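Here are a few notes to read alongside the model.

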Amino acid sequence: MSVLLTGVDTILGYHVARALVASGFTVNVLLPGELAPRSSAAGWRVHPGRTTDPEACLEALDGASAVFHFESGHLASAGPMATRSFLEGTRNLLLAMSRSGVEDLVFGSSALVFRPGTPAEPGDESSPSEDSLPALPCLEALRAAGELVRRYCDSGGTRAVTVNPTLVMGSRDLPGGAGWYLLERVFSSPGPVASGSLNVVRAADAAMAAVRALGRGRPGRSYILGGDNVTLAELAGLAEKARAGRAVPREEPRRGRLRNTLRRLVPGVRAPGPPLLRLAGADLCYSAASARAHLSLESAPLESTVAEAVDWYLSR
């Protein structure tokens, strides 16, 4: 079975691609041309182009039976132009699916579109977050894209399942991602961290559940992909333990490297800090019970998830 994947240049999109290949799918990825050479030998076929180009979407869908749309991973550090591009790309992809007769979609969103809770009373898929979180452009874009997907699903245009990851950590993260920036803050700002708590999920675990959503998820439903709920202080402690005294490399000014990397990835990105980190200090805890029951979501131990993320961060 052939599928089209967007967002392979994000931490979760990369691991979704790996999980799809391991599960026997033929994977085609839509990727900006300047990034294509880095991905061409990774086990999937690259179609140079962007979702903002309707014809590129249509061409990339040739022969595909399903779509995994995971460009939302860019929104953690996105400015207004990038959020508009994400919405435009989602609309183009849905229209191209309609024209191509492709009906199955797994849409990657975020758990933050749902009301978060505390470690004792975590949030779930039952309540939207509009009245409980700041009005950030990235969250507004996710909600608007989710509404587009729901409308197409309700009209019979797609069989869409939405997966909503919490904070994704692991290997293959990039500067600008929330997980990367969190580690950067921990290692560059010694001392007490902000209060608050959040849910952390290992990238590979979330990716495998996302792949299973194609066959097991109920169309029109959303599934939070999460792992452990943890305080920021506990997470910082696990990161320092995993660092084990290793030096944090600083070959060039981090602000400049971050800005340049983000500009290569997607237009309209602002540096240096993801807007989502304005939520630091809040309780952002979630339950992934539905994904565990229906998508067989597994969760690696939090300590090993953080260690994997730290090893990757220090190696970059």
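1. A salt bridge here is a side-chain nitrogen of Lys or Arg within 4 Å of a carboxyl oxygen of Asp or Glu. By this rule the count comes to eight salt bridges. Please keep in mind that this is a predicted model, where local features need pLDDT of at least 70, side-chain atom pairs count only at pLDDT 80 or more, and totals for chains, interfaces and linings use all residues. Residues are numbered from 1 along each chain as its sequence is written, and side-chain values use heavy atoms, with hydrogens and water left out.

2. Have a look at Asp-104 and Arg-159, which form a salt bridge with their closest N and O atoms 2.8 Å apart. This pair links distant parts of the chain: Asp-104 lies in strand E5 (residues 104-108) and Arg-159 in strand E6 (residues 159-165), 55 residues apart. Helices (H or I, at least four residues) and strands (E, at least two) are DSSP runs, numbered from the N terminus. For accessibility, buried means under 20% relative accessible area, exposed over 50%, and partly exposed in between (1.4 Å probe, protein chains only). Asp-104 counts as buried because its relative accessibility is 17%, whereas Arg-159, at 39%, counts as partly exposed.

3. Next comes a pair within one helix. Arg-150 and Glu-147 form a salt bridge, the closest N and O atoms being 3.2 Å apart. Both sit in helix H5 (residues 137-154), and because they are three residues apart, about one helical turn separates them. Arg-150 is partly exposed at 40% relative accessibility, and Glu-147 is partly exposed at 34%.

4. Arg-202 and Asp-205 also meet through their side chains in a salt bridge (3.0 Å, N to O). Arg-202 is partly exposed at 26%, while Asp-205 is buried at 11%. Elsewhere, salt bridges that share partners join Glu-103, Asp-104 and Arg-159 into one network.

5. Where does Thr-90 sit? Thr-90 is found in helix H4 (residues 80-100) and, at 1% relative accessibility, counts as buried. Leaving aside residues up to four places away in sequence, Thr-90 touches His-69, Ala-145 and Val-149, where contact means heavy atoms within 4.5 Å. The C-alpha atoms of Thr-90 and Leu-148 are separated by 8.0 Å, although the two residues are 58 apart along the chain.

6. Leu-182, Leu-183, Val-186 and Phe-187 in H6 meet residues of H8, including Leu-232, Leu-235 and Ala-236.
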